Amino acid sequence: MAFLADSLARIKPSATIAVADKARALKAAGRDVIGLGSGEPDFDTPDNIKDAAIKAIRDGKTKYTNVDGIPELKAAVARKFEVENGLTYKPSQISVGTGGKQVLYNAFMATLNPGDEVIIPAPYWVSYPEMVLLAGGTPVEVPTTQASGFKLTAETLERAIGPKTKWLLLNSPSNPSGAAYTRAELKALTDVLLRHPHVWVMTDDMYEHLVYDDFVFTTPAQVEPGLFDRTLTVNGVSKAYCMTGWRIGFAGGPEPLIQAMATIQSQSTSNPSSIAQWASVEALNGPKDFIPAHNKVFKERRDLVVSMLNQASGIDCPVPEGAFYVFPSCAGTIGKVAPSGKRIETDQDFVTELLEAEGVAVVQGSAFGHGPNFRISYATATSALQAACERIQRFCGNLK
Ligand SMILES: Cc1ncc(COP(=O)(O)O)c(C=O)c1O
């Protein structure tokens, strides 16, 4: 439509939301559908956090706040970075926004000029390239392999850097692969960046707390303090604190960048919800014992799903270090014929036929820039996961 902005033609709607919509439509039509597309914990927000929000309402904390966060929340975020990540940020180096998504978007809006490149290792979270495009930059997708654990290597990074590179965008643990970089793997990347002073690092640590098997999380500015002055460390309460709907994310970074992000936010949304900010103060400062309890369940589910998928013919599922996703390859099903008579040529065909034949909704890997794979979110009831994996096994066994 001619009335719409040209920038809209550059981007596409979220594939993960499209899958959820399709699953919902099939359910509404009476089909028995198991949705494994959603990227949020099935656990409820802990009561102490809810109570803090209710108290904030009762205390009249219901007015506009500082554009990029109340001092109490900035202090809690600074403490979190210090204690959990060994990073010392002043309150003036911290930005709070309406979800990690807005914080990332503000950062791109505040820094990208036409032609500026952002290196995005693939598979990547669906929103990264689209956000870069909306902000007028150029996403440079750099493929990784299942053999390298879906991780960027020093050599590939070195090759991808050019004179126009502005940011390297890292996400560990990753959505969609669940892959997380060890300290040594991160160090190999930060060593490359030390040789390229014009490249900054945006690290999306949203799944920091969701790691299993004694994996130790680290973040680039912690691994290489020499990069502190050109790193934006992004995190939030959505995933670990089961607060996806509250919409609070935050970042630590150099003051001029943080100020520029506040300027963007001041002319778009202003402050994130005052009530959600007070709830987040409690989340960050309050008890955290529910996190290991949730992780125990997530780990059991991950192990169940990986083991059942690897028993499905044509599926190869690596064991991810973190997040609540697995990202198996369906390469072994390509060329086979589904019960509908359709030949499976791509991962898109695989997920469409799986949904048609067995009512299991997963997301095609190509939406995340890597196929033929698909993403399963295991942040759902264990019984539903078991049933879904049985259906996937049956679907794969029935392919001709
Ligand atoms: C990798 C990654 N980054 C950022 C976000 C956004 O988080 P928020 O809900 O806080 O905006 C998500 C949510 O799915 C994510 O998977």
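The dialogue below treats sheets, a helix and some backbone features in turn.

Modeller: This is a predicted model, in which local features need pLDDT of at least 70 and side-chain atom pairs count only at pLDDT 80 or more, while totals for chains, interfaces and linings use all residues. Residues are numbered from 1 along each chain as its sequence is written, and side-chain values use heavy atoms, with hydrogens and water left out.

Colleague: What does the UniProt annotation cover?

Modeller: UniProt positions are given in the numbering used here, feature names are shortened, and annotations may be inferred rather than shown by experiment. The unreviewed UniProt entry annotates residues 32-392 as "domain: Aminotransferase class I/classII large". Over residues 32-392 the chain is 39% helix and 14% strand, with the end C-alpha atoms 14 Å apart. Helices (H or I, at least four residues) and strands (E, at least two) are DSSP runs, numbered from the N terminus.

Colleague: In what order do the strands of the open sheet lie?

Modeller: Strands of a sheet pair through backbone hydrogen bonds, either parallel or antiparallel. Two strands are taken to pair if DSSP finds at least two bridges between them. Here the open sheet has seven strands in the order β2-β8-β7-β6-β5-β3-β4, and the pairing is mixed. Its edge strands are β2 (94-97) and β4 (138-143), each of which pairs on one side only. Neighbouring strands of this sheet are turned by 20 degrees against each other on average, direction ignored. Axes are lines fitted to C-alpha atoms, for helices over the stretch in contact, and angles run from 0 to 180 degrees between N-to-C directions.

Colleague: How many bridges join β3 to β4?

Modeller: Six bridges join β3 (residues 117-122) to β4, and the two strands run parallel. Within this pairing, Ile120 has Glu141 in β4 as its bridge partner. Helix α5 (residues 99-111) packs on the sheet, where it touches β2, β3, β5 (165-171), β6 (200-204), β7 (231-236) and β8 (249-252). The direction of α5 makes about 45 degrees with that of β8. Contact means heavy atoms within 4.5 Å.

Colleague: Which way do the side chains of β12 point?

Modeller: In a regular strand the side chains alternate between the two faces of the sheet. In β12 (residues 374-377), Phe374 and Ile376 point one way, Arg375 and Ser377 point the other way, and all are buried. Buried means under 20% relative accessible area, exposed over 50%, and partly exposed in between (1.4 Å probe, protein chains only). Strand β12 is joined by two bridges to β9 (residues 325-326), and these strands run antiparallel; the partner of Val326 is Ile376. Two bridges also pair β11 (residues 363-364) with β12 in the antiparallel sense, with Val363 opposite Arg375.

Colleague: Which residues of α3 are buried, and where do they lie around the axis?

Modeller: Helix α3 (residues 47-58) has 12 residues and reaches 16 Å from its first C-alpha to its last, close to the 16 Å expected at 1.5 Å a residue. The expected span is 1.5 Å times one less than the number of residues. Its buried residues are Ile49, Ala52, Ala53 and Ala56. They cover an arc of only 100 degrees around the axis, so they lie on the same side of α3. The arc is that of the directions from the helix axis to the C-beta atoms. These buried residues pack against α11, whereas the face turned away from the buried side carries the exposed residues Asp47, Lys55 and Arg58. Just after α3, Gly60 takes a positive phi of about 75 degrees.

Colleague: Where does a positive phi occur in a residue that is not a glycine?

Modeller: One case is Phe150, with a phi of about 60 degrees, in the loop between β4 and α7 (154-160). Phe150 is buried, with a relative accessible area of 9%. Ser270 also has a positive phi of about 60 degrees and is not a glycine; it is found in the loop between α10 (255-266) and α11 (274-285). Ser270 is partly exposed, at 26% relative accessible area.

Colleague: Which peptide bonds are cis, and what are their omega values?

Modeller: The bond from Ala122 to Pro123 is cis, with omega near 5 degrees, and Pro123 lies in the loop between β3 and α6 (127-134). Another cis peptide bond joins Ser172 and Pro173, with omega about -10 degrees. Pro173 lies in the loop between β5 and α8 (183-194).
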